[in-house]
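This report looks at selected residues, ring pairs and a helix packing. Please keep the sequence and the model at hand while reading.

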Amino acid sequence: MKIIFYTLLLSIFSTSVFAAAVDTGGAKSEFNAIAVVMFIIFVGATLIITYYSKKKSQSASGFYTAGGNITGLQNGTAIAGDYMSAASFLGITALVFTNGFDGLIYSIGFLVGWPIVLFLIAEKFRNLGKYTFSDITAYRLDPKPIRIISAISGLAVIVFYLIAQMVGAGQLIQVLFGLPYTAAVVIVGALMICYVVFGGMTATTWVQIIKAIMLLLGTTFMAVMILYLTKFDMHYYFSQAVQNHPKGEAIMSPGTFLPDTISAISLGMALMFGTAGLPHILMRFFTVKDAKEARKSVFYATGFIGYFYILTFIIGFGAIALLYGNPLYTNADGSFNGASNMVAVILAQAIGGDYFLGFISAVAFATILAVVAGLAISGAGAISHDLFVNVCKDGVCDPKLEMRVTRLATVGLGILAILLGIVFENQNVAFTVGLAFAIAASVNFPILLLSIYWKGLTTKGAFWGGLIGLVTVVCLVVLSPSIWVKSFGFSEAIFPYDHPAIFSIPLTFILVYIFSKLDKSQRAKKDIEGFEAQDFRAQTGVGASEAVAH
């Protein structure tokens with residue numbers, strides 16, 4: 001039955017693409033047969049992986065963590081594949097193309113968070129938890145309220161992250177195949193559900209590894225070709241970009257994208273600290289057998305991710321040097337003729353023709369599928385393991401029932417992702433991910449850091465500080481110019497900044513501290529007394545969950 005389902009899903013995908021090729025009227029783009037073939041090959045290969053992974057995803061351990069049997073190198077590659085999202089590949093290139101140097105703040109911010117993860121989080125996270133981010137925060141605190149706030153915060157991060165991936169996917173397939181945007185988003189959502197429901201973490205891991213390798217190879221070739229076409233002369237390379245861009249020399253300096261210091265610092269803080277609070281990334285540390293492999297994972301991931309972000313610098317300015325002023329790609333006024341998020345894909349065609357366009361398009365599609373699969377499995381874990389099993393069922397639940405709830409949650413998240421992708425069609429994908437990072441940095445990171453390192457943290461402090469911090473950051477995001485004005489249509493934003501992290505991160509730390517200090521209950525004493533046992537396990541790994549033999 002599963003083979004029939006996969007075949008049917010692939011047939012629907014192929015039929016939709018064929019229909020797009022036949023009906024190319026209106027605003028639809030030219031059909032690219034090479035890209036279609038590469039898409040189908042990738043989807044077919046990943047569905048086969050999903051089928052053979054299903055036996056390893058029947059138990060909760062197999063579904064959430066692949067039984068802890070992933071090696072450090074494999075997990076580091078998968079983390080890189082999960083982290084190098086549509087926001088990285090499509091969004092950052094588009095921001096650099098539009099704003100020049102200022103758009104690189106995302107590359108820098110996304111990368112510099114990894115030393116924090118390496119030195120403060122990875123080892124202790126692996127020793128203390130089992131399946132989800134909430135396992136760590138609930139280790140010595142009252143499980144119910146802590147899991148509730150952790151799950152809600154994690155789901156908020158996942159929802160914003162999903163929006164970015166679905167928007168990128170829809171625009172990619174729309175531009176390339178001529179499919180309607182809505183149909184493209186539905187295809188991605190259906191594939192995401194298939195990967196996670198049937199393959200669990202094992203299938204998701206291998207999809208992410210394949211995607212990471214494809215992305216690094218594709219972007220490396222693209223960067224080398226850009227340098228070749230600009231004669232490997234950096235002076236010529238940048239001079240051409242400055243000459244072509246309407247903003248001229250301003251693209252070589254800060255201020256074109258983030259006009260004020262508060263916005264720049266706030267976004268930087270969100271990207272840096274948000275990395276250490278992303279539930280779908282942190283969850284990957286449970287897929288390795290011990291803390292040593294967790295450290296290796298971060299080491300390899302940091303190397304791959306750092307190399308990739310160097311390439312985004314070359315690709316972004318290369319797009320300015322090679323696309324601006326070319327009537328095939330820009331209008332008479334110099335504006336880009338197409339969806340701004342698709343600059344990297346159009347650049348691939350400019351430097352490598354239809355074959356390279358097909359490959360890069362398949363890479364971009366793989367990028368999105370790998371990330372949404374990781375997001376879905378993390379979100380499903382928050383709903384089933386944290387909320388259903390540990391809150392509703394007091395930690396006592398039939399494993400088969402838990403897995404049924406997990407798969408139903410995955411389907412629900414897939415449907416939600418499709419709807420949100422349609423609603424937020426016109427948002428820049430890098431900006432939307434920035435909002436997800438703001439929530440992760442403002443809620444998840446403070447609670448996680450304090451629960452590991454501060455003895456005085458109490459349940460009331462973590463719950464009320466985290467809850468108020470979450471409400472604050474979400475409200476500030478909604479009231480910001482990008483949502484209140486651009487999405488809701490109001491004339492003026494209530495909160496003047498798009499990035500609230502500079503206000504919300506300190507607020508959460510302060511509130512957690514104050515509420516913890518004011519808490520004199522018996523529960524608070526128990527929370528504080530439990531720190532010594534927690535710290536011993538965090539340092540030594542004694543009692544940590546072990547890998548399961550398959």
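His280 is buried, since its relative accessible area is 2%, where buried means under 20% relative accessible area, exposed over 50% and partly exposed in between, with a 1.4 Å probe and protein chains only. His280 belongs to helix H12 (residues 279–282); helices (H or I, at least four residues) and strands (E, at least two) are DSSP runs, numbered from the N terminus. Leaving aside residues up to four places away in sequence, His280 touches Asp82, Tyr161, Gly374, Leu375 and Ser378, contact meaning heavy atoms within 4.5 Å.

This is a predicted model, in which local features need pLDDT of at least 70 and side-chain atom pairs count only at pLDDT 80 or more, while totals for chains, interfaces and linings use all residues. Residues are numbered from 1 along each chain as its sequence is written, and side-chain values use heavy atoms, with hydrogens and water left out.

## The protein as a whole

The protein has 21 helices and zero strands, and buried residues make up 59% of its 550 residues. Of the contacts with a separation of 6 or more, 84% are accounted for by residues 24 or more positions apart.

## Two further buried positions

Ala169, in helix H8 (residues 143–177), is buried, with a relative accessible area of 0%. Not counting residues up to four places away in sequence, Ala169 touches Ala184, Val188 and Ile368. Ala169 and Gly421 are 252 residues apart in sequence, yet their C-alpha atoms are 8.9 Å apart in space.

Thr77 is placed in helix H4 (residues 72–83) and counts as buried because its relative accessibility is 11%. With residues up to four places away in sequence again not counted, Thr77 touches Gln208, Ile209, Ala212 and Phe304.

## Aromatic rings

A pair of aromatic rings is described by the distance of the centres and the angle of the planes. Rings of Phe, Tyr and Trp (its six-membered ring) pair if their centres lie within 6.5 Å; planes under 30 degrees apart count as stacked, over 60 as edge-to-face and the rest as tilted. By this rule the count comes to 26 aromatic pairs. One of them is the edge-to-face pair of Phe238 and Phe317, at 5.4 Å centre to centre with 75° between the planes. This pair links distant parts of the chain, with Phe238 in helix H10 (residues 234–244) and Phe317, 79 residues apart from it, in helix H13 (residues 291–323). Phe317 counts as buried, at 1% relative accessibility.

The pair of Phe299 and Tyr300 is also edge-to-face, because the ring centres are 5.6 Å apart and the planes are at 70°. Phe299 is exposed, with a relative accessible area of 57%, whereas Tyr300, at 32%, counts as partly exposed. One aromatic cluster is formed by Tyr83, Tyr106, Phe110, Trp114, Tyr161, Phe257, Phe308, Tyr309 and Phe437.

## Packing of H2 against H9

Helix H2 (residues 33–53) and helix H9 (residues 181–229) pack at an angle of about 125°, with their axes 8 Å apart; axes are lines fitted to C-alpha atoms, for helices over the stretch in contact, and angles run from 0 to 180 degrees between N-to-C directions. H2 and H9 are therefore oblique to each other, given that angles under 35 degrees count as roughly parallel, over 145 as roughly antiparallel, 65 to 115 as roughly perpendicular and the rest as oblique. Among the residues that make the contact are Phe42 and Leu47 of H2 and Tyr195 and Trp206 of H9.
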